[in-house]
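Take a moment to look over the sequence and the model before reading on, and keep both in view as you read.

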Amino acid sequence: MTRSDIIPMVLFAAIVVSLGINTPQAANEIIAKLFGKTISNSELQPSQSDVDRFQSILSDKSEVEIRKLLAQRALGTKISESVIADFADENNIEPSNSEVESAYAVIKTWTVDLSHNAEYSDEEVERYRLAMAEGMAKSWKVSKSLYETFGGDVVFQQSNPLTPVGAYKDLFEQYRSQGEFVIYDPVFKAAFWESVRMRYSNVLPQEDIDYSSPWWEAGLNASGD
């Protein structure tokens, strides 16, 4: 190969890089783009310990199938958390001090055993409780805002008894239409939208949907009676 043969090849490679043109291998590696940043297949791959743990539960699935399922779940989690966080930032959603305090009060009753656990210092327990309280209070306030904005179905989930699944669907579709995220891989794309648009059997009746006060306060008030 002469020098005149090499120069065009080098120039072509430089042009491909400068224009952002994907080679077949690179195109397969890029799964999605989220707020302008690409998401690669490799960064979605689960650890071996996670694969082993899930394969012990889903014993009918092969390791390859488990890896695909966990990678799809990782992408869904990454998109969902980023979009919801952006919605909260754009709308300046933050829990009030009183909301965090009421969440802390109920979490303290849930974690009373930690106060007598020699493995953790009092400071560690307090930091843990406060972090949980702040997270739970913000999650409730975001759910409240989403429901008030989009409406839709609400379901009971253990982590959030008032989960606005209908509002999530509309939110994700809005962000997709605005170009804030795009899923290139057809398998990952189908899996994501199937999870977003799935129909729930435990949809709450309209009269049971109440965001006027945090959901945990009803239980806290009942225990104080």
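This is a predicted model: local features need pLDDT of at least 70, side-chain atom pairs count only at pLDDT 80 or more; totals for chains, interfaces and linings use all residues.

Residues are numbered from 1 along each chain as its sequence is written, and side-chain values use heavy atoms, with hydrogens and water left out.

The protein as a whole contains nine helices and five strands, where helices (H or I, at least four residues) and strands (E, at least two) are DSSP runs numbered from the N terminus. Read from the N terminus on, these elements follow the order α-α-β-β-α-α-α-α-β-β-α-β-α-α. Of the 225 residues of the protein, 30% count as buried; buried means under 20% relative accessible area, exposed means over 50%, and partly exposed is in between, using a 1.4 Å probe and protein chains only. The protein exposes about 14200 Å², of which carbon and sulfur atoms supply 53%, and such areas come from the Shrake-Rupley method with a 1.4 Å probe, with only the protein chains shown counting as cover for residues. Among contacts between residues at least 6 apart in sequence, 64% join residues at least 24 apart.

We can now turn to pairs of helices. Two packed helices are described by the angle between their axes and the distance between the axes. The axes are lines fitted to C-alpha atoms, for helices over the stretch in contact, and the angles run from 0 to 180 degrees between N-to-C directions.

Helix 3 (residues 48-57) packs against helix 4 (residues 63-90) at an angle of about 110 degrees, and their axes are 10 Å apart. That angle makes helix 3 roughly perpendicular to helix 4, on a scale where angles under 35 degrees count as roughly parallel, over 145 as roughly antiparallel, 65 to 115 as roughly perpendicular and the rest as oblique. Gln48, Asp50, Val51, Phe54 and Gln55 of helix 3 make the contact with Glu63, Ile66, Arg67, Leu70 and Arg73 of helix 4. Sorted by class, the contact of helix 3 with helix 4 has four nonpolar, two polar and four charged residues; here Ala, Val, Leu, Ile, Met, Phe, Trp, Tyr, Cys and Pro count as nonpolar, Asp, Glu, Lys and Arg as charged, and the others, Gly among them, as polar.

Helix 4 also meets helix 6 (residues 122-150), with axes that come within 11 Å and cross at roughly 80 degrees, and helix 4 and helix 6 are therefore roughly perpendicular to each other. Ile84, Phe87 and Ala88 of helix 4 form this contact with Lys138, Val142, Ser145, Leu146, Thr149 and Phe150 of helix 6, a set that has six nonpolar, two polar and one charged residues. At 16% relative accessibility Ser145 counts as buried, and, leaving aside neighbours within four places in sequence, Ser145 is in contact with Phe87 and Ile93.

Not counting residues up to four places away in sequence, Trp140 touches Glu99, Tyr211, Ser213, Pro214, Trp215 and Trp216. Tyr211 is also one of the residues touched by Thr163, which is found in strand 4 (residues 160-163) and is buried, with a relative accessible area of 3%.

Another pair to find is helix 7 (residues 165-177) with helix 8 (residues 186-196), which pack at an angle of about 145 degrees with their axes 9 Å apart. In this pair Lys169, Phe172, Glu173 and Arg176 of helix 7 meet Phe192, Trp193 and Val196 of helix 8.

Finally, consider the backbone. Most residues other than glycine have a negative phi, and most peptide bonds are trans. Phe35 has a positive phi of about 50 degrees although it is not a glycine, and Phe35 lies in the loop between strand 1 (30-34) and strand 2 (37-40). Asn92 likewise has a positive phi of about 50 degrees without being a glycine, and Asn92 lies in the loop between helix 4 and helix 5 (97-110). Phe35 is partly exposed, with a relative accessible area of 31%, whereas Asn92, at 67% relative accessibility, counts as exposed.

Note on methods:
Contact means heavy atoms within 4.5 Å.
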